[in-house]
Amino acid sequence: MSTVRYRPKQAPPSPPNDLEHVASFFESAPDGRERFRWTLRDSLDEALDGQRTGRWCYQHLRKTEKTYLGTAVEINLTREFDISDGHDLDWRILDTEVDCKFSRDLGGWEIPTEMYVCAHHGEQSADYDQIALLTWLNDDTKEWAAGLLRISDSRLRWRRDKSGADVRAYNKDFKRRISESSLADIYWLWGGIQTDLPTNLLRHLPKSTRDEILKPGSSGQGRVDALFRHVQNRLINRNVVLTVGQQDDAPKRARDARIHLRPHGIIVLGHDRPHQRIADSLGLEIPSKGSWISTRVAPVPPDDVRSSFFLDEQWWARATGDDESEAPTFPTKKWDGLRFAPPAATGTSRTDITWAP
């Protein structure tokens, strides 16, 4: 989805003095890095609007929507980090004006004239050189980055005109990119390019699996059923369910999928405590609110060594290739019969652990 015009080789160990307080604002914020990467994820999902459009990757966006993505990043970072509006630029952070810039291309940020001092800009010139927060993400490679740079006339691109003189390299909007030599001056938050943009599950599924889920002519619920049938043992979040189903009420879609997939031995676990305990007992990731995980189970004898849970008068473990059975029925309210056995890896004998809701 993007071009990498520049890739930092080694991040500076600390920010320059004039950027230190702004860098600290983000880097020292509680869970700042985690919140930042999820804000980028949410901003792209917001632009995709999967529930309404069924779109699941950046390449599906129209040109104007790709432009809007930068606005979404700025708005969502403003909310997430409770940043005040600036007088001249987007933000005012610790009495410092900061502008938020986004580019789909690493190194492709376009800088307006009001961010730097230039005698040729007249009233459009800034009173002093301003700070830019430079953001970038690539959903295809799961990379993202955020950097700080004080913009100046000399740090932006120049070109040679026909007479051989150096002139400012404006684009049609009278903006300029950061010069190649000045990209090395960027202070990268959290040490440089990050590689853990929250996964776009649909984007990174094998094409054959994605095509099976999004089969033309399937109903919304049918597609959600296919999602939980084909994508097992990994968390699926609310946005994916909404995008696949293109219907309101993702929890109901997941509940209905649980009913529809039960004959196939598949359980769909959500964030309710009994569900979380079952996921834990089977060695699965534990779903939090707004996420689900499905897996195929089969009845096992009491002396089976696999991690298991007891429900519906039967011990259940994750199915192997040869197992074939209906899944247990989940109670709607009381889970009095739910019990767990310690994993065989602990070396302990099977002793039922009753969990009281």
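Leaving aside its neighbours within four places in sequence, which residues is Leu 77 in contact with?

1. **Leu 77.** This is a predicted model. In it, Leu 77 touches Phe 36, Thr 39, Asp 82, Ile 83, Trp 91, Cys 100, Leu 133 and Thr 135, with neighbours within four places in sequence set aside.

2. **The largest nonpolar core.** This core has 32 residues. Leu 77 is among those with the most contacts inside it, along with Phe 26, Phe 36, Trp 91, Leu 133, Leu 148 and Leu 189. Elements that give two or more residues are helix 1 (20-27), helix 2 (32-48), helix 4 (63-80), strand 2 (91-93), strand 3 (96-102), strand 5 and strand 6. Helix 2 supplies the largest share, 5 residues. Another core, of 23 residues, lies apart from it and includes Ile 236, Ala 257, Leu 261 and Trp 292.

3. **Helix 4.** The 18 residues of helix 4 should span 26 Å at 1.5 Å a residue, and the end C-alpha atoms are 26 Å apart, so the two agree. Its buried residues are Leu 69, Gly 70, Ala 72, Val 73, Asn 76, Leu 77 and Thr 78. They pack against helix 2, strand 2, strand 3 and strand 5. Just after the helix, Asp 82 takes a positive phi of about 50°.

4. **Arg 37 and Glu 34.** The structure holds 23 salt bridges. One of them joins the side chains of Arg 37 and Glu 34 (2.8 Å, N to O). The two are 3 residues apart in helix 2, so about one helical turn separates them. Arg 37 has a relative accessible area of 13%, so it counts as buried. Glu 34, at 34%, is partly exposed.

5. **Arg 176 and Asp 153.** This salt bridge has its closest N and O atoms 2.6 Å apart. Arg 176 lies in strand 9 and Asp 153 in the loop between strand 6 and strand 7 (158-160), so the pair ties together parts 23 residues apart in sequence. Both residues are buried.

6. **Asp 166 and Arg 160.** These side chains also meet in a salt bridge (2.5 Å, N to O). Asp 166 is partly exposed at 47% relative accessible area. Arg 160 is exposed at 59%. Elsewhere, salt bridges that share partners join Arg 33, Glu 34, Arg 37 and Asp 196 into one network.

7. **Two loop residues.** Asp 139 sits in the loop between strand 5 (131-138) and strand 6 (143-150). Its relative accessibility is 2%, so it counts as buried. Its side chain makes a polar contact with that of Asn 200 (2.8 Å). Ala 184, in the loop between strand 9 (176-177) and strand 10 (187-188), is exposed at 53%.

Methods. Residues are numbered from 1 along each chain as its sequence is written. This is a predicted model: local features need pLDDT of at least 70, side-chain atom pairs count only at pLDDT 80 or more; totals for chains, interfaces and linings use all residues. Side-chain values use heavy atoms; hydrogens and water are left out. Helices (H or I, at least four residues) and strands (E, at least two) are DSSP runs, numbered from the N terminus. Buried means under 20% relative accessible area, exposed over 50%, partly exposed in between (1.4 Å probe, protein chains only). A polar contact is a pair of N or O atoms within 3.5 Å; within protein, one must be able to donate a hydrogen and the other to accept it, and residues adjacent in sequence count only if both atoms are side-chain atoms. A nonpolar core is a set of buried Ala, Val, Leu, Ile, Met, Phe, Trp, Tyr and Cys residues joined through side-chain atoms within 4.5 Å. Contact means heavy atoms within 4.5 Å. The expected span of a helix is 1.5 Å times one less than its number of residues. A salt bridge is a side-chain nitrogen of Lys or Arg within 4 Å of a carboxyl oxygen of Asp or Glu.
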